[in-house]
Amino acid sequence: MKVAAINDLSGFGKCSLVADLTVLSAMGIQCCPVPTAVLSAQTGYPSFYSKDLTGLISEYTREWKNQSEAFDGIITGFMMSNVQAINTLDFIRQFKTENTTVLVDPVLGDDGRTYKNFSADLLHTIREMTKEADIITPNLTELILLAGEAPENILKLKGEKLISKILQMSIKVGGDHKKIIAVTGIPMENDDEVGNFILENGVSRIITSKSNKVHYSGTGDLFAAVFLGAFISGKSAFDAADLASRFIYTSVKETSPDTSPNAGVEYEKNLKMLIQ
């Protein structure tokens, strides 16, 4: 199987294309990278070099169409700008077939705040991308933005009220069109747990795992890559989410307490969990 991965490549941070390449390869799936940018380190570092690769996506689209390439999956991540999102939307439309599973990770913000690359135009285009997607993997902040809600009103909710609102927003974002919604990083009433909300075919479930309350770089990217790899390999959405959650939790447990959260989790030795 082959998956096209449209994402940035960061030298440090264990995220984005590094996560896509290593995870999908471990699962026996060829990862065909389409870099949106090259960075010396992910943007959470205090200093980093960044090279914007806008224009590359459309060139890859043209060349791969000329080669008559086909993909079992397409996964999208960080977009430097709305132009890149527009080019990615075109890539999806060019290569999506009935045999292609499209996962859109709408990288827009976290913890109630938007990222520096955020704009109203980018939000609009990513909403268009989610219409083409089979799977959408927002964190809670990104789900709120996609649903057109105010983060300050949602993030103060807890327990059943929060889960009920997540269900409502997930249906609005695409759950009523038979898309799979996987909302990551949901705070649970038990402070040492974190939840992932999964909605598939009108059935929803919360999959929880232990949390050390440290926000590591790249865990959302790892979740999305494991989820897509497991799903196109035949697992249900719930089983795919369970595998991704266990993989990340095991990696968090084995990450040294001296490791900076910016550096990401020490997941390399746990790739064996993903081998079919």
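Good morning. By the ring-centre rule, the count for this structure comes to eight aromatic pairs; rings of Phe, Tyr and Trp (its six-membered ring) pair if their centres lie within 6.5 Å. The model is a predicted one, in which local features need pLDDT of at least 70 and side-chain atom pairs count only at pLDDT 80 or more, whereas totals for chains, interfaces and linings use all residues. Residues are numbered from 1 along each chain as its sequence is written, and side-chain values use heavy atoms, with hydrogens and water left out.

One aromatic cluster is formed by Tyr60, Trp64, Phe71, Phe91 and Phe95. Phe95 also carries a charge over its ring: the charged end of Lys65 sits 5.3 Å from the ring centre. Arg205 is placed over the ring of Phe238, with its charged end 4.0 Å from the centre. For such a contact, NZ of Lys or CZ of Arg must be within 6 Å of the ring centre and within 35 degrees of the ring normal.

The structure holds one cavity of 30 Å³ or more, and the volume of the largest cavity is about 30 Å³. On a 1 Å grid over the protein atoms alone, a cavity is a set of points where a 1.4 Å probe fits but cannot get out; a pocket is an open set with protein on both sides within 12 Å along at least five of seven lines; and lining residues have an atom within 4 Å of a point.

Which residues line the largest cavity? They are Asn7, Asp20, Ile75, Thr76, Gly77, Asp105, Asp221, Ala224 and Ala225.

Finally, the cysteines. A search of the whole structure finds zero disulfides, a disulfide being a pair of cysteine sulfur atoms within 2.5 Å. The cysteine sulfur nearest to that of Cys31 belongs to Cys32, 6.7 Å away. Cys31 counts as buried at 10% relative accessibility, and Cys32 is likewise buried, with a relative accessible area of 10%; buried means under 20% relative accessible area (1.4 Å probe, protein chains only).

How values were computed: Grid points are joined across faces, edges and corners, and a volume is the space filled by probe spheres set on the points. Rings of Phe, Tyr and Trp (its six-membered ring) pair if their centres lie within 6.5 Å; planes under 30 degrees apart count as stacked, over 60 as edge-to-face and the rest as tilted. Buried means under 20% relative accessible area, exposed over 50%, partly exposed in between (1.4 Å probe, protein chains only).
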